[in-house]
Structure formats: C-alpha cells, structure tokens
Amino acid sequence: MDDIDRRILAELQEDGRLTVTELADRVQLTPAPCHRRLRELERTGVITGYRAVLDPAAVGLGFEAIVSVTLDRGDAGTVAAFEAALAAVPQIRHAERLFGDPDYLLRVVATDLNDYAALRDHKLATLPGVQRITSTIVMKRIVDNRPLPLPGTRSRKVRGAATTPGRQRTISPGRRA
C-alpha cells in the first residue's frame, strides 16, 4: 500500500459516496487507475465493505449501554458457546473479547431503559457461561465511527460528535465509488 492508496482510503472514510471520478480528482489520478486501485483494495480485504451509518436515536434505538461480561469458565467450549450466542443478539453493536477482567466488553442498543432491562435479564444474563454482567449507561457519545488515522494522510475535518450524526456517510450498496 502506497501513499495514493492511503489517500484513497482517507477520502472514502470521509465520504464513501464519492464517484470514481470525484475520488480520482481528490487523489490526483485519472479515473481508470483510481478504479483499479479501489478494486484492488477491495479484493485484498483492506476495504471490507460499504454501508450507511445510521443515527440510532432516529430509528428508535437511542438508549445505549456498555456491558462488561465475566464468564464462569475460560475453557474453549464455554468461550465458543458464549461467542456464538452473543453473535445472535442483534442489539449488540460491538463485542470485544479482552485479556483480564472483564472477559468481554459489549456496546448494546435498546429503545429505552425498560427494553434494555428485559434484554439484559432475558438474553444477556442467560448466555452460556455468564458469571457476572455489569452495565453502564451511555450518557453521550463524544466520538463515534471516527475514520482510522492513516499514516501520511490528513483528515480535512474531525467529526463524530453526538451533535452531528447526519454528517457521517459511507458508500451505500447501490452506489459504488
């Protein structure tokens, strides 16, 4: 990956709906080589996908909690069963396995506190191997979905504040760069 590839990635992180022509202009290439580079970045898995970034509150999922989970055992079977069951819960936006305590850190959305309480009691607490769950309610998102800080590139703007949810965009499935 060279500086031009990093500039392509930086531009797409800022505005994923760019056409190939717009992208080529921003990185100072002609459209054909820009398109080839873009397809190669996709083929090699550097670009893993395209999606719209939604404002959770606008779609009725404005309640968010950070959930710490500690398992009762750390054997491979327990971990595999827990992770498979965890992946089946659609309200979990992010799930990370950690070294140390807790074993997992989750970011969970719900419609409101009552909806979260039901989710916690009836789904999360019943996942295989769960020993302890600790929930922290998110007051405000300060940085969310920030573009990766690619070496050798400069972001034109810092964004991600909770007050500007509509400004984040990525390429939609129907419109490719």
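Predicted model: local features only at pLDDT ≥ 70, side-chain atom pairs only at ≥ 80, totals over all residues.
## Overall make-up

The protein contains five helices and four strands. Read from the N terminus, the order of these elements is α-α-α-β-α-β-β-α-β.

The protein has 177 residues, and 33% of them are buried. Its accessible surface amounts to about 10,700 Å², and carbon and sulfur atoms account for 54% of that area. Contacts can also be sorted by separation along the sequence. Of the contacts between residues at least 6 apart in sequence, 65% link residues that are at least 24 apart.

## Helix 1 against helix 3

Helix 1 covers residues 3-14 and helix 3 covers residues 31-43; the two pack at an angle of about 80°, and their axes lie 11 Å apart. Helix 1 and helix 3 are roughly perpendicular to each other, because angles of 65 to 115 degrees are placed in that class.

On the side of helix 1, the contact involves I4, D5, I8, L9 and L12, while helix 3 contributes C34, R37, L38 and L41. Sorted by class, the residues of this contact comprise seven nonpolar and two charged, with no polar ones.

## Helix 2 against helix 3

Helix 3 also packs with helix 2, which spans residues 20-27. Here the angle is about 100° and the axes are 9 Å apart. Helix 2 and helix 3 are therefore roughly perpendicular to each other as well.

In this contact, V20, T21, L23, A24 and V27 of helix 2 meet P31, C34, H35 and L38 of helix 3. The classes are seven nonpolar residues, two polar residues and no charged residues. Two residues of helix 3, C34 and L38, take part both in the contact with helix 1 and in the contact with helix 2.

T70 belongs to strand 1, which runs over residues 63-71. T70 has a relative accessible area of 9%, so it counts as buried, the cut-off being under 20%.

The side chain of T70 forms a polar contact with the side chain of D101, at 2.9 Å. Apart from neighbours within four places in sequence, the residues in contact with T70 are D101, P102, D103, G129, V130, Q131 and R132.

## The cis peptide bond at P102

Two of the residues that touch T70, D101 and P102, are joined to each other by a cis peptide bond, with omega at about 5°. P102 is located in the loop between strand 2 (92-97) and strand 3 (104-110).

## Two residues with positive phi

Q28 is a residue other than glycine with a positive phi, near 60°. Q28 sits in the loop between helix 2 and helix 3, the two helices described above as roughly perpendicular. The relative accessibility of Q28 is 70%, and Q28 is therefore classed as exposed, for which the cut-off is over 50%.

N145 is likewise not a glycine, and its phi is positive at about 55°. N145 is found in the segment after strand 4 (130-137). Its relative accessibility is 27%, so N145 counts as partly exposed. Thus Q28 is exposed, T70 is buried, and N145 is partly exposed.

Terms used:
Residues numbered from 1 in each chain as written. Heavy atoms only, no water. Buried < 20%, exposed > 50% of the residue type's maximum accessible area, 1.4 Å probe, protein only. Contact = heavy atoms within 4.5 Å. Areas by Shrake-Rupley, 256 points an atom, 1.4 Å probe, with all protein chains shown as cover. Polar contact = N/O pair within 3.5 Å; in protein donor to acceptor, adjacent residues only side chain to side chain. Axes fitted to C-alpha atoms, helices over the stretch in contact; angles between N-to-C directions. Parallel < 35°, antiparallel > 145°, perpendicular 65-115°, else oblique. Nonpolar A, V, L, I, M, F, W, Y, C, P; charged D, E, K, R; others polar.
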